[in-house]
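I opened this entry to look up a few things about rings, helices and one annotated span. My notes follow in the order I took them.

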Amino acid sequence: MDGDLGRFLRSRRARIRPEDAGLPAHGRRRVSGLRREEVALLAGMSAEYYIRLEQERVGNVSDEVLDAVARVLRLDGTERAHLRRLLRPPDDRRAPLGHVRPGVRMLLDAADSMPAFVIGPRMDVLAWNALAEAINGFSGMPEGERNMARQTFLKARARSLYRDWATVAAETISYLRLYAGRHPDDPLLGPLVADLSADPDFARMWEEHRVAEKTFGVKLLHHPELGDLDFAYETLALPGDPELLVIMYTADPASPTGRVLARLREAREPGVQEAAAG
């Protein structure tokens, strides 16, 4: 991921209009957003130093400099942490293994009133319960394609399954970018990104360098058999396995989606399924 620091900083300053930073906007500008010299001025450092920072030619950057740059570029908490990781990679840069503990599988089994599944490193789907199978059809996906990013960008069904596909796509890329900053040496990440880049939408959005945690939100689906489904979702990080996330879809029992889930529970035996070990 050589050059990610510079590309991240350039993408963040490109989104800030000079007038929003208290600078005059008149005159012809060759770049969108703030110039490097303007970031340096607002952050209280020399233009030469900031240029070397974007070119990744500085070491031992102080917390004061990081905070100043983050303030000028209006980075949120997730973006600030991402910037620090790009400048100060963790000592242990091994890729996580992504194994699902038996207790986690029991947790999915117990959550039989809602679709629930586990994603691991690189957004691979590792385990799921019966309702998640009914909604997403994980068991019907080839093992190498059982990945939320691959399904979102490389499978045509995703564009009709997600009524808000553009939002899902942006969230997927933002989380994958965040993972890339945490695990830049993951040997499987580069091939995944290369495969996904065959999709023009992915290639364009990947270069925007947006980062975001996967937390909570809304999933609006159009299921080919069940019709429109409106879910809220919650993401739970597992203690001891921070790269494993439990995703739970929820719906008001009295809502149309809640009634669909009730019918599915009556028709299906509960049970947890798990991806085969690769």
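**Aromatic rings**

I found one aromatic cluster, formed by Phe117, Trp128, Phe138, Phe231 and Tyr249. The model I am reading is predicted. I counted the aromatic pairs in the structure and got seven.

I then took up phenylalanine 202 and tryptophan 206. Their ring centres are 5.4 Å apart and their planes meet at 20°, which is under the 30 degrees cut-off, so the pair is stacked. Both residues belong to helix α12, where they sit four residues apart, about one helical turn. I noted the general rule that an α-helix has 3.6 residues a turn, so residues three or four places apart point the same way.

**Charges over rings**

I saw arginine 177 over the face of tryptophan 206, 3.8 Å from the ring centre. I also saw arginine 159 over the face of tryptophan 165, at 3.7 Å from the ring centre.

**Helix α11**

I listed the buried residues of α11, which spans residues 189-196: Leu189, Leu192, Val193 and Leu196. Viewed down the helix axis, these buried residues fall within an arc of 95°, so they line one face of α11. I checked what covers them, and the cover includes α8 (148-154), α10 (165-182) and α12 (200-206).

**Annotated span**

I looked up the UniProt record, an unreviewed entry, which lists residues 33-80 as "domain: HTH cro/C1-type". I found this span to be 62% helix and 0% strand, with its end C-alpha atoms 19 Å apart.

Terms used
Residues numbered from 1 in each chain as written. Predicted model: local features only at pLDDT ≥ 70, side-chain atom pairs only at ≥ 80, totals over all residues. Heavy atoms only, no water. Buried < 20%, exposed > 50% of the residue type's maximum accessible area, 1.4 Å probe, protein only. Helix = DSSP H or I, 4+ residues; strand = E, 2+ residues; numbered from the N terminus. Arc of directions from axis to C-beta. Contact = heavy atoms within 4.5 Å. UniProt positions renumbered as here; feature names shortened; annotations may be inferred. Phe/Tyr/Trp six-rings, centres within 6.5 Å; stacked < 30°, edge-to-face > 60°. Lys NZ or Arg CZ within 6 Å of the ring centre and 35° of its normal.
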